[in-house]
Amino acid sequence: MSVLLETSIGDIVVDLFTDRVPLTSKNFLKLCKVKYYNFTFFHTIERDFIAQAGDPTGTGHGGESIYGVLGGSSYIPQEKPLLKHRYGTVSMAGSSSGGQVGSQFFISLGASDSLEYLDGKHTVIGEVAEGMDVVDQLNQSICDKHKRPLRDILIRHTIVLDDPFEDPPSLVCPPSPLLPTKEQTQLMRIESQYETILEDREDERRKREARAQALTLEMIGDLPFADIKPPENILFVCKLNPITQSSDLRLIFSRFGTVDSCQVVCDRETGNSLGYAFVEFREKAACEEAYFKMENVLIDDRRIHVDFSQSVSRVNDRWVRLRKDGLQMKSRYRVRQPDRSQVDQFEMIFDKHHKSRRRRSRSPDTRNRYRRRQ
């Protein structure tokens, strides 16, 4: 009997004590099932004490039980078993008048001795089974004077992993995923999107750096062009036994399709295998099938590792990129031979438009000065 809470800083799995507190656990489970907590946030966090959430209004004074959501009573009686609060326990927050609970809950962030005040006043319904690192982040949150985090920590989604209780007759599960309402969006602070913005900027920075590096490699001749991509029909195979030969690999990998080439890379001086190879398939589908089925396969008493090749050495360097038309073969300077019977030779890289070039003219004064210097 557990629930997954997907928050903006990570996932938390809560195991519920359904046998000890069945009424309160059922209330929490059904609220998660109808997505009542989606796009609510932790409105109160006190370091080494509690992190409280579950209020759709974000004020700490709202929220109602599953029966209130279905049109009944907003609160349910509070169960008080002899369960102690400790770091990572999940409890339902009791009403100020006492004896009733709605939808708000909190996660304990302190040691047992600092949480004795809560024992007997609030119902412990479960504990965090997975995601203690997220609980640690909650405890380290920076808050304002009202104990609300400066950067909102949202509960984006809730998933009921195991529910032993029957649903009330009028309970309807909404479709998933849901979008935040206008009221929920207005409650959010801009800081709730700060982490996403930073991640997007970091991705853009990495793309720019990769692009700049590719252009540099193109300029020095290590890449035929910056937008080159590795072929999708070549596998990189490593962790090979030194006794494994290219013919052995070709025979093994040919069961997936036609192998155009298979080469075990060897040392230039000694000729010994370096433990890795490249296998080129004729068809992309055969390459993908081999990738999925040959990982960690035992060959010559070695567990091999298979991945798609990132090398571009086999890409024909006679191709260059065009901005509009994709790829086109390199054109070259055409050098006329003295003997017209000979075939024209190609020496340079770019087109030479002889007719478009005009000979530089000189003024009479300039020609006279040039003749006098000679």
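Which helix holds I220? Helix α5, which covers residues 194–220. The close-ups below all come from a predicted model.

**View 1. I220 and its nonpolar patch.** Here I220 sits in helix α5, and together with L217 and M219 it makes a nonpolar surface patch of about 340 Å². I220 has a relative accessible area of 55%, so with the cut-off for exposed set at over 50%, I220 counts as exposed.

**View 2. F236 and Y276, a tilted ring pair.** This is one of ten aromatic pairs in the structure. The ring centres of F236 and Y276 lie 5.8 Å apart, and because their planes meet at 45°, the pair is tilted.

**View 3. Y291 and F292, an edge-to-face pair.** Now for Y291 and F292, whose ring centres are 5.2 Å apart. Their planes stand at 70°, so this pair is edge-to-face. Y291 is partly exposed, with a relative accessible area of 26%, whereas F292 comes out as exposed at 66%.

**View 4. A cluster of four aromatic residues.** Last up are F28, Y36, Y37 and F105, which ring pairs link into a cluster.

Key: Residues are numbered from 1 along each chain as its sequence is written. This is a predicted model: local features need pLDDT of at least 70, side-chain atom pairs count only at pLDDT 80 or more; totals for chains, interfaces and linings use all residues. Side-chain values use heavy atoms; hydrogens and water are left out. Rings of Phe, Tyr and Trp (its six-membered ring) pair if their centres lie within 6.5 Å; planes under 30 degrees apart count as stacked, over 60 as edge-to-face and the rest as tilted. Buried means under 20% relative accessible area, exposed over 50%, partly exposed in between (1.4 Å probe, protein chains only). Patches are made of residues with over 30% relative accessible area and no salt bridge: like charges are joined within 9 Å, nonpolar side chains (Val, Leu, Ile, Met, Phe, Trp, Tyr) within 5 Å. Accessible areas come from the Shrake-Rupley method with a 1.4 Å probe; for residues, only the protein chains shown count as cover. A salt bridge is a side-chain nitrogen of Lys or Arg within 4 Å of a carboxyl oxygen of Asp or Glu. Helices (H or I, at least four residues) and strands (E, at least two) are DSSP runs, numbered from the N terminus.
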